[in-house]
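Please look over the sequence and the fold before reading on.

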Amino acid sequence: MKKTLYDYTYEQLIDYVLVHDQKSYRAKQLYTWLYKKRIATIDDMHDVSKVFRDHLKNEFETNSLILKEKQVSADQTVKYLFELSDGYLVESVLMHHDYGKSVCVSTQIGCNMGCGFCASGLIKKQRNVTAGEMVQQVLFIQNELDANDERVSSVVVMGIGEPFDNYDHVLDFLKIINSDHGLGIGARKLTISTCGLIDGILKLAEEPLQINLAISLHAPNDAIRSQIMPINRVFPIKDLMQALDVYYEKTKRRITYEYLLLAGINDDVKHANELADLIRNQNAYVNLIPYNPVPEQPYQRPSIKKAFAFYDQLKKRNIQVTLRQEHGVDIDAACGQLRSKRMKEVES
Ligand code: SAH
């Protein structure tokens with residue numbers, strides 16, 4: 001598989017052009033073409049010499065992502081299925097919020113975390129998605145938005161895959177879209193969601209980039225969490241909380257917890273109280289997510305009444321909480337659902 005120019009952070013691209021006997025300003029020119037003018041081919045880069053353009057054309061693929069399918073839901077959420085140059089499929093989602101357009105990016109082909117409720121893990125990890133392939137997911141959608149003069153204003157790394165199981169590519173990706181020479185999406189508009197890989201959390205704590213961290217917690221105790229998320233047997237809640245304390249000490253950034261409500265499993269008021277006990281001393285915020293049922297998995301979503309009782313209890317306990325507004329339920333927008341459906345069609 002050939003690399004693309006989209007794989008390079010700005011600093012890496014400066015190193016690259018210097019190694020190839022170009023002046024460092026060449027990196028800025030290339031970034032301008034790629035991210036500001038958003039050209040389709042290297043030949044469009046008019047102020048780059050023909051010799052160097054030919055060199056780049058030899059070394060790099062221009063575009064390694066093709067649109068295979070697009071679904072638009074009633075609330076205008078758009079789900080994209082892309083094919084990569086080796087034939088694997090990735091999903092991205094565009095959501096329209098009152099605060100702007102948000103893109104959800106996939107970081108791996110399949111996932112090894114094995115969460116019992118999730119569609120992504122039905123297919124084991126085949127490979128990591130590269131930084132350039134993640135960049136191109138955002139760029140493709142930005143190019144579509146260009147028609148209406150609109151911008152991708154935030155990016156959530158919450159699609160298929162575990163970002164901290166692909167740490168270096170994910171961080172490069174975020175640096176590339178954050179760069180002022182590139183798309184310039186503010187660090188505070190970037191969010192990584194993890195099932196709780198502690199080494200990743202501790203590494204992120206050391207990064208200068210001020211991005212948001214979301215933890216897929218989904219349970220207030222080890223018994224339930226280990227039952228639905230195998231990773232909890234490796235990194236139990238106590239260790240996770242310790243790592244998050246370190247993260248908070250270093251970054252002073254508020255932590256978001258995602259808590260999926262699964263009927264009869266983790267959705268009782270007593271679980272809300274247990275959750276409040278667990279995080280009451282933290283600067284944290286809980287995002288309650290009603291489960292989006294996956295046919296292959298045994299879990300159901302609780303009633304709205306039950307979800308609100310959970311929400312009310314957290315409020316009563318002075319925990320900052322929201323009940324997530326759902327996007328694109330009618331288009332299989334939960335992670336991995338569209339792709340696993342297409343894969344099954346191919347297999348059968
Ligand atoms: N591996 C990362 C990011 C991908 S999953 C993580 O675990 O955070 C993104 C979020 O969607 C996670 O919180 C995940 O638990 C949640 N999720 C997975 N399947 C879902 C479903 N069917 N309905 C609603 N949310 C789901």
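A polar contact of 2.8 Å links the side chains of T77 and D75. T77 sits in the loop between β1 (65-72) and β2 (78-84). With 0% relative accessibility, T77 counts as buried. The model is a predicted one.

**Ligand site**

- The ligand is surrounded by 19 residues. The closest are G161, S193, S216, H218 and N292.
- By class, the shell divides into ten nonpolar, seven polar and two charged residues.
- Two strands, β8 (190-194) and β10 (255-261), each supply at least two residues of the shell.
- A polar side-chain atom of S216 lies 2.6 Å from an oxygen atom of the ligand.
- The protein buries 93% of the 540 Å² that the ligand exposes when taken alone.

**Helix α4**

- Helix α4 covers residues 131-146, 16 residues in total. From first C-alpha to last it reaches 22 Å, close to the 22 Å expected at 1.5 Å a residue.
- Twelve of the 16 residues of α4 are buried, so the helix is largely enclosed by the rest of the structure.
- Among the buried residues of α4 are A131, G132, E133, M134, Q136, Q137 and L145.
- V135 belongs to α4. Its relative accessibility is 0%, so V135 counts as buried.
- Between V135 and H181 there are 14 Å in space, C-alpha to C-alpha, and the two are 46 residues apart in sequence.

**Helix α9**

- Helix α9 (residues 237-251) has 15 residues, which should span 21 Å at 1.5 Å a residue. Its end C-alpha atoms are 21 Å apart, in agreement with that figure.
- Which residues of α9 are buried? They are I237, L240, M241, A243, L244, Y247 and T251.
- Seen down the axis of α9, these buried residues fall within an arc of 160°, so they line one face of the helix.
- The face turned away from that buried side carries the exposed residues K238 and E249.

**A buried loop residue**

- I42 is found in the loop between α2 (25-36) and α3 (50-59).
- The relative accessible area of I42 is 3%, under the 20% cut-off, so I42 is buried.
- I42 and D54 are twelve residues apart in sequence. Their C-alpha atoms are 8.4 Å apart in space.

- Most residues other than glycine have a negative phi.
- D21 has a positive phi, near 60°, and is a residue other than glycine. D21 lies in the loop between α1 (10-19) and α2.
- Is D21 buried or exposed? Its relative accessibility is 71%, so D21 counts as exposed.
- N318 is not a glycine, yet has a positive phi of about 65°. N318 lies in the loop between α11 (304-316) and β12 (320-323).
- At 70% relative accessibility, over the 50% cut-off, N318 counts as exposed.

How values were computed:
Residues are numbered from 1 along each chain as its sequence is written. This is a predicted model: local features need pLDDT of at least 70, side-chain atom pairs count only at pLDDT 80 or more; totals for chains, interfaces and linings use all residues. Side-chain values use heavy atoms; hydrogens and water are left out. A residue is near a molecule or strand if one of its heavy atoms lies within 4 Å of it. A polar contact is a pair of N or O atoms within 3.5 Å; within protein, one must be able to donate a hydrogen and the other to accept it, and residues adjacent in sequence count only if both atoms are side-chain atoms. Accessible areas come from the Shrake-Rupley method with a 1.4 Å probe; for residues, only the protein chains shown count as cover. Helices (H or I, at least four residues) and strands (E, at least two) are DSSP runs, numbered from the N terminus. Ala, Val, Leu, Ile, Met, Phe, Trp, Tyr, Cys and Pro count as nonpolar, Asp, Glu, Lys and Arg as charged, and the others, Gly among them, as polar. The expected span of a helix is 1.5 Å times one less than its number of residues. Buried means under 20% relative accessible area, exposed over 50%, partly exposed in between (1.4 Å probe, protein chains only). The arc is that of the directions from the helix axis to the C-beta atoms.
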